[in-house]
Amino acid sequence: MTEPDWTRPSGYKSGRGSPSRRRRRWPWIAVGAIGAVVAVGLIAPDDTKQSSDQAAAVVATPPAGAESSAAPSGSAPVTTTTNTPAPAPSSAAAVGSTTQAQAALRQLDGLAVKGRAPKTGYSRTQFGQAWSDDVDVDGGRNGCDTRNDILRRDLTAITVRPGTRGCVVLTGTLADPYTATSIAFTRGAQTSDDVQIDHVVALSDAWQKGAQQLSADKRRDLANDPRNLQATDGPTNQRKGDGDAATWLPPSRAFRCTYVSRQVQVKSVYGLWVTQAEKDAITRVLTTCGAVAAPAPVPETRTQTPVPRPAPRNTPPPPAPAAPVVPDGGDVYYRNCAAARAAGAAPIRAGEPGYRAGLDGDGDGTACDRG
């Protein structure tokens, strides 16, 4: 039997005349590749404004000694673990009293009122990666992307994916405040968008009302701030688009005061402004909850003081027209009308012989004309 090459001494020449080959004795080392990939499933975009976004996924490894959230094969997903990330805090309290509505109205009065700026330069990427956990707002850097934070906050009876430290929501039920309906949520390519995450102040609206001047970090915070996020019915969210309070309000009237109050809060925190039409619409909603709007200022009107006219000068009244001069009757003289009648001269008209004013008692130019 021919001896294997790797046992032959150095310098050994084979019988075929080939040069000697130096062989090293290496043990065969088995190399195993171990990969662990935790899939987090498909995450639907939250609305039309973000239809092209890739939702953020978080793969977290539990620290040593932590209780594992992995469930045995075939068992139902667990809902809690000792390492469940702290969820984003609850959204703003519902506005259900006159005091709360009045406070929101005062905050609204503190916002600047300007026209809508051009949309030039807007894109979803101006607000950072969708659902980024790398933010300085409540729920930021908790090891769970923002979308799942809000699903865990707003849904009830949730189940989560094993191996994600209680982060990735698989199922749950949403009591949708926008529509006042109950919506079942199931994660999946065809079902995730049944429940979407609405930006209460739409990002496009924010861009046109001051967000252009914010830093990239502040815009990323705005897009992931729990105060500006609400899980809601997918189709309803699509219909909202990027409308403000002047163009869109939730179908459920009972939620409208809370909705506009959250818009005011977000715009106040991030230094955004409102248009006059938007402010008027928010004011109308808040007054339905008991807020009393300040009366509109009365425009100042200038009253011109009339210039006094000089008093008319005292002028003597015009002289009365002179009585017409009636010519007398010449040389004929009647002592009285009886004499004139006796002489057959009556009546005597002015200018006729015997006429004189003393006989014309009524001054009508005819003397002795009455019996």
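Start by selecting Lys209 and Asp244: they form a salt bridge, with the closest N and O atoms 2.7 Å apart (a salt bridge is a side-chain nitrogen of Lys or Arg within 4 Å of a carboxyl oxygen of Asp or Glu). Lys209 sits in the loop between α3 (203–207) and α4 (216–224), and Asp244 in the loop between α5 (234–240) and α6, 35 residues apart. Helices here are DSSP runs of H or I, at least four residues, numbered from the N terminus. Both Lys209 and Asp244 are buried (under 20% relative accessible area; exposed is over 50%, partly exposed in between, with a 1.4 Å probe and protein chains only).

Keep in mind that this is a predicted model, where local features need pLDDT of at least 70 and side-chain atom pairs pLDDT 80 or more, while totals for chains, interfaces and linings use all residues. Residues are numbered from 1 along each chain as its sequence is written, and side-chain values use heavy atoms, leaving out hydrogens and water.

Next, pick Lys267 and Glu278, whose side chains meet in a salt bridge (2.8 Å, N to O). Lys267 lies in α6 and Glu278 in α7 (residues 276–287), so this pair ties together parts eleven residues apart in sequence. Lys267 and Glu278 are buried.

For another setting, jump to Arg141 and its salt bridge with Asp136, 2.4 Å between the closest N and O atoms. Arg141 is partly exposed at 48% relative accessible area, and Asp136 is exposed at 59%.

Key. Helix = DSSP H or I, 4+ residues; strand = E, 2+ residues; numbered from the N terminus.
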